[in-house]
Amino acid sequence: MTSFDFSPELNRYLEKIQAETGREITFQENTNLGIKGITAAYQYHPQKLIIILNPEYHRAKEDVERSIAHEATHGYILYKMGFCRSKYGEGVPSDYKRDVQIIFTIVEDLVVNKIIADHGFAPFGHEYLPTLREEIRVAQEGEEAGEAFYHQFTENLHREALLMVSRYIIAWGFLRYYTLKNEEEELIREFTQVFGKYYPDYYQYAAQVVEIIQEKDIFKSDDECRAIQEILRLFKMDANVELVKTNQSQRIPSL
Ligand SMILES: [Zn+2]
């Protein structure tokens, strides 16, 4: 690992992940993580857990640490819990890969946020609820205002639609899998309600994604893979990607 000045809690958590996955966590920097406003991202590598940090985006230390714990946990579910990852043939466009990755993230984040919350990290950062309040306000102006709002984060229209659906699923997931404070729960519930009311075109997809997830136990790898496959099919995105399980026994001998 590197010489970052992390809290003992985060260091302990990252050490546990390294020990249980048999893989070293390494950090890289990149200012373009696909969707604007993202601080950290997990990048697949067969031998390491790579966490990419965006040096241009400054947040409170607690939120940065939560993000790092979150991204490292993407590696944990892959290598320790046997979750699926995407595999592509040659010449598959990077835009398509990024969109597929959003579908993976929609499902994985429900699991990842639960795991970090069980390890003492906040399930969401400090910006989440204020952002949600803004998203509620925008939604009440209707679908066009919503599209314009999410367009700030990506110029790609297909990705914008996926992003909108993902916002619903994240909120739904907090209501479904977490014990929240009353005022948090009320706000998150309000967002899911205005989303359903004001974004009917997006909500019909979000509702189908919820149905797919509800039918399964996404905390188990087989169900997780199946859920992702079905959601990819729902968005007609399943043609050029293969879902594979990483060989969990394939560890670095020195670790
Ligand atoms: Zn994530």
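Which residues is Ile103 in contact with, leaving aside its neighbours within four places in sequence? I took this as my starting point, bearing in mind that the model is predicted.

**Entry 1: Ile103.** I looked up its contacts and found Ile228, Ile231, Leu232, Phe235 and Met237, with neighbours within four places in sequence left aside. I placed Ile103 in helix H3. I then checked burial: Ile103 counts as buried because it has 24 C-beta neighbours inside 10 Å, and the cut-off is 20 or more. I also took one distance, from Ile103 to Tyr178. These two are 75 residues apart in sequence and 21 Å apart in space, C-alpha to C-alpha.

**Entry 2: the core.** I listed the largest nonpolar core, which has 57 residues. Ile103 is among the members that touch the most others, along with Ala72, Val107, Val165, Ile169, Ile228 and Ile231. Helix H3, residues 94–118, gives the most to this core, with 10 residues. I noted that Ile228 and Ile231 had already turned up as contacts of Ile103.

**Entry 3: H8 and H9.** I went on to helix H9 (residues 221–234) and its pairing with helix H8 (residues 200–214). Their axes come within 9 Å and cross at roughly 155 degrees. H8 and H9 are therefore roughly antiparallel to each other, as angles over 145 degrees count as such. I recorded the crossing of H8 past H9 as right-handed.

I then wrote down who meets whom. From H8 come Tyr205, Gln208, Val209, Ile212 and Ile213, and from H9 come Ala227, Glu230, Ile231 and Leu234. I sorted the residues of this contact into seven nonpolar, one polar and one charged. Ile231 of H9 is one of the residues in this contact, and Ile231 is also in contact with Ile103.

Terms used: Residues are numbered from 1 along each chain as its sequence is written. This is a predicted model: local features need pLDDT of at least 70, side-chain atom pairs count only at pLDDT 80 or more; totals for chains, interfaces and linings use all residues. A nonpolar core is a set of buried Ala, Val, Leu, Ile, Met, Phe, Trp, Tyr and Cys residues joined through C-beta atoms within 7 Å. A residue is buried if 20 or more other C-beta atoms lie within 10 Å of its own, exposed if 12 or fewer, and partly exposed in between; C-beta atoms are placed from the backbone. Helices (H or I, at least four residues) and strands (E, at least two) are DSSP runs, numbered from the N terminus. Two residues are in contact if their C-beta atoms, placed from the backbone, lie within 7 Å. Axes are lines fitted to C-alpha atoms, for helices over the stretch in contact, and angles run from 0 to 180 degrees between N-to-C directions. Angles under 35 degrees count as roughly parallel, over 145 as roughly antiparallel, 65 to 115 as roughly perpendicular and the rest as oblique. A crossing is left-handed if the near helix is turned anticlockwise from the far one by less than a right angle, and right-handed if clockwise. Ala, Val, Leu, Ile, Met, Phe, Trp, Tyr, Cys and Pro count as nonpolar, Asp, Glu, Lys and Arg as charged, and the others, Gly among them, as polar.
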